[in-house]
Amino acid sequence: MAHEVTMPQMGYDMTEGTINEWRVNEGDSVSRGDTIASIATDKADIDIEAYADGVLRKIVVGPGQTVPVGTVIAWIGAADEEIPDSSGSNGSAGKPAEPAPSGDGGEEQRTGSHTGARRQASAAVREPQAGSAEPEQAAAEAEAPAPGGSASASSGGELAVPTPAPPAQPGAAEADGGPGGNGRVKASPYARKRAAELGVDLTGVQGSGPGGRIVAQDVERALTEAAKQPATTTVTAAAAPEAPAKAAAPAVSAGDDPYTEEEPSRLRRALARAMVEAKTTIPHFYLTSDVDVEALLRLRAEINSIGPQTPKFSVTDLIVRACALTLQSHPQLNAAWIDGKIRRFERSNVSIAVALTDGLIAPTLHNIDGLSMRELAERLHDLTSRAKSNRLRQEELSGGHMAVSNLGMFGIEQFSAIITPPQSSVLAVGSVRDEAVVVDGQIKPGKRMRMTLAVDHRVTDGAQGAEALSRIRWLLEHPAALLV
């Protein structure tokens, strides 16, 4: 039986993805676990793997095309096996399908409560981008997402290709001004962008997408055919339009206040959506505590001086370890509010905030409660390194139960972080401060670090949150407990 390869959901708020490239070709043999494609999401570029052995029989969605989560993007099967045609006539190919469950608690978490919202988001009108098709056209295209669709488009000036319009026939591009139309050519946003880049007039291009919709391959084919027939088809000598600049020219308001505007990156847009949802749907409460970290820093220095045979521990490594152990001893914090119910987890999955050039990403370390301190440090260092170089794996983008955000290296003494749904807590860590402290009635120099725990009030209350924060503090003040 042929197996569908669908656009996976990497993060509960992901509604669509773009194919960057296929790493294998149609007809190539693949094994379960082989990397077969790279996709772009709002947060990162991710490799996806084959979930079955066989032959890559059909690639349904090509590079550069954007489709909703769950859409069939390819088929894997036996070499002589029949597969559904890519038009979706069998009712499944090219249409959104439910992502395959992995059985992991994190996967269950991100598919459980947001399935309905994801379906609605997939059918919703996407936000117009700079240089995109008009909102009315974007709405018309969003109503019928197809493998040839894309989230980005350019409607900049098109160069005329005076090719005679073909007679009306099935598969030919129909203007929306035809039956039930509004006068615009039916084309995917990416096809419009390619047409503008290549100087192709869409009115004479035959569409091969559903309902005669023009896709990018049709534009490139039209340009190739035009080059082969110089006697009947000519391309004007005007240069292709330049790509729109990222930042607009300075504008001056009535108050003579100059400013510039720029389009936010995909990551910044994703962060904006997530933070608005978090602050408007999660009732946060905050708890702050000062930690005596003198013993912690002394132990860390001693371990790091042993030699190259041991990994170098960071303060963040030790904090993540304390959080992993606390999630096990305080299950009320190891939970999430999903579909009006409290879902409690058995393993400790902790996300770590990593600052990137254009935003923030919080990849997740899964099942770390059973790791040794050394194993945790090695995995955490590898995770943050790959996050900064855009090499994260699919499962690392979601499934966190708690997050840690450390701004101490920037000299920030205290701050409050925002919980990322569906997680229920985040620990904000400040810098280590040299302070005069009172010990046994004597003033002595000491080292203190301030932590603020943000908790979802739907999942637990102040007293339980305070107990959990006290446990984290105790573990950091008795760091030998982190090593056993």
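Visitor: Okay, two strands pair if DSSP finds at least two bridges between them. In β8, what is the bridge partner of Ile59?
Guide: Ala74 is the partner of Ile59. Strands here are DSSP E runs of at least two residues, helices are H or I runs of at least four, and both are numbered from the N terminus. This is a predicted model, with residues numbered from 1 along each chain as its sequence is written. Local features need pLDDT of at least 70, side-chain atom pairs count only at pLDDT 80 or more, totals for chains, interfaces and linings use all residues, and side-chain values use heavy atoms, leaving out hydrogens and water.

Visitor: Got it. How many bridges join β6 to β8?
Guide: Four, and the two strands run antiparallel. β8 covers residues 72-77, while β6 spans residues 54-59 and also pairs with β3, antiparallel over two bridges. On that side, Ser29 sits opposite Val55 in β6.

Visitor: And the open sheet of four strands, what order does it have?
Guide: The order is β5-β4-β2-β7, with antiparallel pairing. β5 and β7 (66-68) are the edge strands, each pairing on one side only. From one strand to the next, the twist averages 40 degrees; axes are lines fitted to C-alpha atoms (for helices, over the stretch in contact), and angles run from 0 to 180 degrees between N-to-C directions.

Visitor: How many bridges hold β4 and β5?
Guide: Five, in the antiparallel sense, with β4 being residues 35-40. Ala40 is the residue opposite Asp45 in β5.

Visitor: Switching to charges: how many salt bridges in the whole structure?
Guide: A search finds 15, counting a side-chain nitrogen of Lys or Arg within 4 Å of a carboxyl oxygen of Asp or Glu. One of them joins Arg23 and Asp47, 3.1 Å from N to O. Arg23 is in the loop between β2 (16-22) and β3 (29-30) and Asp47 is in β5 (residues 45-49), so this pair ties together parts 24 residues apart in sequence.

Visitor: Is that pair's Arg23 buried, partly exposed or exposed?
Guide: Arg23 counts as partly exposed at 40% relative accessibility, and Asp47 is partly exposed at 33%. Buried means under 20% relative accessible area, exposed over 50%, and partly exposed in between, using a 1.4 Å probe and protein chains only.

Visitor: What does Arg374 form a salt bridge with?
Guide: With Glu378, the closest N and O atoms being 3.3 Å apart.

Visitor: New topic: which residues form the nonpolar patch on the surface with Met409?
Guide: Phe410 and Ile412, and the patch has about 330 Å² of accessible area together. Patch residues have over 30% relative accessible area and no salt bridge; nonpolar side chains (Val, Leu, Ile, Met, Phe, Trp, Tyr) are joined within 5 Å and like charges within 9 Å. Areas come from the Shrake-Rupley method with a 1.4 Å probe, and for residues only the protein chains shown count as cover. Ile412 lies in the loop between β18 and β19 (425-439).

Visitor: Last one: Ser425, buried or exposed?
Guide: Buried, at 0% relative accessibility. Ser425 lies in β19, and its contacts (heavy atoms within 4.5 Å), leaving aside neighbours within four places in sequence, include Leu333, His401 and Val455.
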